[in-house]
Amino acid sequence: VTKALLSLSSRSPRPCCPCPTWDFQFSVASDDNSEFWLSSDDSPSNSRLAAFVGKLGTEWTAPGEFTKFSSQVSKPLRLMSSRRYYFELLHKQDDRGSDHVEVGWRVFLPSLKFEVIDSSYISLYTDESSLKMNHVEHIPQTLASHSGSHLWEAQQDEHGADMLKADPRDTFFLTPAIEASRVENVLVPCAYSPTYVVKDFPIARYQGLQFVYLSFVSETTASQQQEGKGQEEEEDEEEEVSDYSYEAGELQQGWLEDSINWQRTFSVSSVDFELLRSDWNDLRCNVSGNLQLAESEQSSGWRRFQGFLFPGRIYTLLRIINVEKRRDTARGNRYLLELELAERGQRTVRLSEYVYVLLHQGKQDDSAEANPDRLALGATEPQPSAWSILYGKSVLCRPLRLSWRQDVMVHFVVPVKNQARWVQQFISDMAGLYGATGDANFNVILVDFDSEDMDVEKALRDARLPRFQYLRRTGNFERSAGLQAGVDTVEDEHSIVFLCDLHIHFPANILDSIRKHCVEGKLAYAPIVMRLSCGSSPREPNGYWEVNGFGLFGIYKSDFDRVGGMNTEEFRDRWGGEDWELLDRVLQSGLEVERLRLRNFYHYYHSKRGMWNTRSKKPSKE
């Protein structure tokens with residue numbers, strides 16, 4: 001986006017005459033789309049769209065081709081030589097083509113050609129020579145670069161991504177939580193020890209990727225759900241016949257049929273291939289959404305849970321918001337159950353708890369392996385007779401030490417160096433998160449490697465954040481060292497640290513999502529981010545899921561310290577691979593790593609120019 005001022009002079013492309021005003025036409029040429037906005041004076045608020053090349057990203061022109069589309073040429077506009085006129089030029093380009101944009105003008109006479117506007121007619125709207133790169137308050141916020149642009153409108157109206165549609169999970173965290181005492185002792189406690197945990201198992205370098213499994217998510221929460229799926233019509237019973245059958249007659253012998261046998265019929269049931277996907281973390285599949293939990297399973301699961309959870313009809317179900325299932329066919333399935341409930345038919349509350357369906361419970365099995373928490377059960381331990389009754393059946397129980405804390409502090413740790421505009425965007429997004437949620441239980445920790453393009457500490461002080469910490473380091477950028485230094489500033493080991501990247505767009509429920517999937521001593525969280533393609537934005541989310549990356553990682557500080565923190569020795573002079581190495585040690589320590597595709601969680605496309613792994617060259621002595 002270019003924002004500047006245009007002025008006329010004696011060299012302007014107009015006939016030699018003493019007239020102080022004249023009618024001009026403007027035209028814009030570009031590859032791909034562009035818009036030229038012009039104000040009636042020097043005020044940005046009076047800008048109006050004068051000419052444009054396309055809306056959909058498929059239109060383009062050659063350099064200087066000013067008359068290919070009728071939309072390129074403006075109507076005659078009267079300008080005065082004594083005035084300056086604010087203009088704004090927007091250009092949108094994909095990763096193909098010649099990448100150019102020009103604005104031409106001419107006096108409104110049929111015989112004249114468009115001439116590219118020379119820089120001598122243009123002056124800066126604001127002198128930015130003394131400003132740091134993150135100073136953006138002086139930049140006019142106009143319709144051109146916001147909702148009034150054809151380019152923005154095209155993104156909003158025509159994109160059909162599911163993540164842009166309203167969804168109750170996006171705001172469910174705002175619903176008041178049910179009182180903990182209401183659900184604390186309604187289920188029998190049971191040891192939670194899944195068979196897929198690889199504690200003390202020898203894992204080769206980067207082999208931990210093979211021990212990460214995906215959870216199944218209720219269909220309404222799958223990020224790539226099919227259009228019009230919670231509306232499928234019930235199939236007739238007759239359509240459930242598989243294979244085929246001969247109703248009359250037989251095929252003639254031989255290799256070929258002489259004629260079509262219309263009596264040969266067959267019918268098949270519809271197949272949902274999403275339900276056939278494995279929970280193995282396929283690193284080659286970066287376009288599919290979360291694994292879908294069968295609708296029949298989530299509804300039957302609620303019918304089974306409600307008798308245990310809410311005797312006496314104190315609570316009634318309003319909606320099943322979300323169900324997440326981690327499968328363990330050998331020992332039992334773990335569920336995160338999120339329900340919207342009516343308390344005594346009045347107040348709406350939120351239930352968001354882990355439950356466990358324990359399989360093959362042994363009769364009065366008192367072994368340490370089957371019940372490692374036996375001594376910690378105390379008065380809540382079920383009597384042997386209770387286990388005898390449940391012998392041979394699956395047990396719905398409360399998994400011990402698998403409760404998440406709804407108000408735990410979350411520390412976002414981000415190392416930065418000379419990325420002023422992105423740093424300012426990140427700080428603004430964090431301030432926006434605070435404003436949207438009112439949640440003060442998070443902290444922003446920026447580790448600054450001697451940035452020269454902005455005052456990072458001042459930007460943090462000026463932002464409306466609940467709390468922040470600024471740590472300055474010298475030398476070249478080192479991601480592992482920066483993350484470790486940031487985590488070291490956290491004093492409370494019972495809080496969560498979220499190792500983060502700079503170029504991230506966060507959904508409003510990010511804090512809730514991190515807290516739900518981090519349990520001290522049990523769970524760490526590595527949400528899958530969508531990498532936006534060049535030219536895409538959160539309003540036009542074209543891209544792919546980053547299934548290989550584990551750099552966005554939530555874990556309790558105590559667990560982070562226990563596994564040894566970041567590998568600052570091996571990854572001192574480079575970054576890339578440090579996330580996989582950390583994952584190996586996290587899994588070896590006995591933690592599970594929850595892996596989900598998170599709605600509206602994006603990694604912005606950005607230029608690699610001047611990135612942090614480029615070491616600054618020392619000036620020559622000449």
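1. A disulfide is a pair of cysteine sulfur atoms within 2.5 Å. A search of the whole structure turns up 1 disulfide.

2. A word on the basis of this note. This is a predicted model, in which local features need pLDDT of at least 70, side-chain atom pairs count only at pLDDT 80 or more, and totals for chains, interfaces and linings use all residues. Residues are numbered from 1 along each chain as its sequence is written, and side-chain values use heavy atoms, with hydrogens and water left out.

3. Which residues does the disulfide join? The partners are Cys190 and Cys397, with an S to S distance of 2.0 Å. The link of Cys190 and Cys397 is right-handed, with 70 degrees about the S-S bond.

4. Cys190 is buried, at 3% relative accessible area. Cys397 is buried too, at 0%.

5. Two further cysteines deserve a line. Cys500 has 1% relative accessibility, so it counts as buried. Cys518 is also buried, with a relative accessible area of 0%.

6. Now to Ile321. Where does Ile321 sit? Its place is in strand S15, which spans residues 315-326. Strands (E, at least two residues) and helices (H or I, at least four) are DSSP runs, numbered from the N terminus. Ile321 is buried, with 3% relative accessible area.

7. Glu340 lies 19 residues from Ile321 in sequence. In space, Ile321 and Glu340 are 6.6 Å apart, C-alpha to C-alpha.

Note on methods
Buried < 20%, exposed > 50% of the residue type's maximum accessible area, 1.4 Å probe, protein only.
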